[in-house]
Amino acid sequence: ASVRSEVVALAQHLLAQGATANSVASEIGLAGSTVRSWLKSAAVAGPAFVPVVVEPDHGFAAAPGPSPAPPTPRSIGLTLISPRGFRLEGLDLNGAVTALLRLS
């Protein structure tokens, strides 16, 4: 696992500099398909959650036009969405914190 993470880090660095997965693979003695697979797995396994900033409503007037539809019961509350698309909807702040603590 440690060798794999080192290869992924090196490959990501070299790819950012314009190298190809095949050139990285041949440089370290692996098959190109192996390096591509490890890179893909690393991208999918990224961070479970990303930081979100919630800005308060400062009372600015809405843009002219039709009034927005009232919120549906499903859209009320907080929603957590994982990188793989798993959704927890309708949470209050305590529920969101509890979910984050249990999922991390």
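Hi everyone, thanks for coming. Please keep in mind throughout that we are looking at a prediction.

Let me start with the overall layout. The protein has four helices and two strands, and along the sequence they come in the order α-α-α-β-β-α. There are 104 residues, and 14% of them count as buried. If you take the contacts with a separation of 6 or more, 29% are between residues 24 or more positions apart.

Now to the inside. In soluble globular proteins, nonpolar side chains tend to be buried together. Here the largest nonpolar core has ten residues: Val7, Val8, Ala11, Leu14, Ala21, Val24, Ala25, Val35, Trp38 and Leu39. Helices α1 (2-16), α2 and α3 (32-44) are the elements that each give two or more residues to this core. The largest share comes from α1, with four residues.

Which residues does alanine 11 touch, once we set aside its neighbours within four places in sequence? They are Val24, Val35 and Leu39.

Let's turn to α2, which covers residues 21-28. Its buried residues are Ala21, Val24 and Ala25. Looking down the axis of α2, these buried residues fall within an arc of 100°, so they line one face of the helix. On the face of α2 turned away from the buried side, you will find Ser26 and Glu27, both exposed. Then, just after α2, glycine 29 adopts a positive phi of about 85°.

Finally, a look at the outside. Leu78, Leu93, Val97 and Leu101 make a nonpolar patch on the surface, and together they have about 390 Å² of accessible area. Which helix gives the most to this patch? That is α4, residues 93-103, with three residues. Valine 97 sits in α4. Why does valine 97 count as partly exposed? Its relative accessibility is 41%, and partly exposed covers the range between the 20% limit for buried and the 50% limit for exposed.

Notes: Residues are numbered from 1 along each chain as its sequence is written. This is a predicted model: local features need pLDDT of at least 70, side-chain atom pairs count only at pLDDT 80 or more; totals for chains, interfaces and linings use all residues. Side-chain values use heavy atoms; hydrogens and water are left out. Buried means under 20% relative accessible area, exposed over 50%, partly exposed in between (1.4 Å probe, protein chains only). The arc is that of the directions from the helix axis to the C-beta atoms. Contact means heavy atoms within 4.5 Å. Patches are made of residues with over 30% relative accessible area and no salt bridge: like charges are joined within 9 Å, nonpolar side chains (Val, Leu, Ile, Met, Phe, Trp, Tyr) within 5 Å. Accessible areas come from the Shrake-Rupley method with a 1.4 Å probe; for residues, only the protein chains shown count as cover. A salt bridge is a side-chain nitrogen of Lys or Arg within 4 Å of a carboxyl oxygen of Asp or Glu. A nonpolar core is a set of buried Ala, Val, Leu, Ile, Met, Phe, Trp, Tyr and Cys residues joined through side-chain atoms within 4.5 Å.
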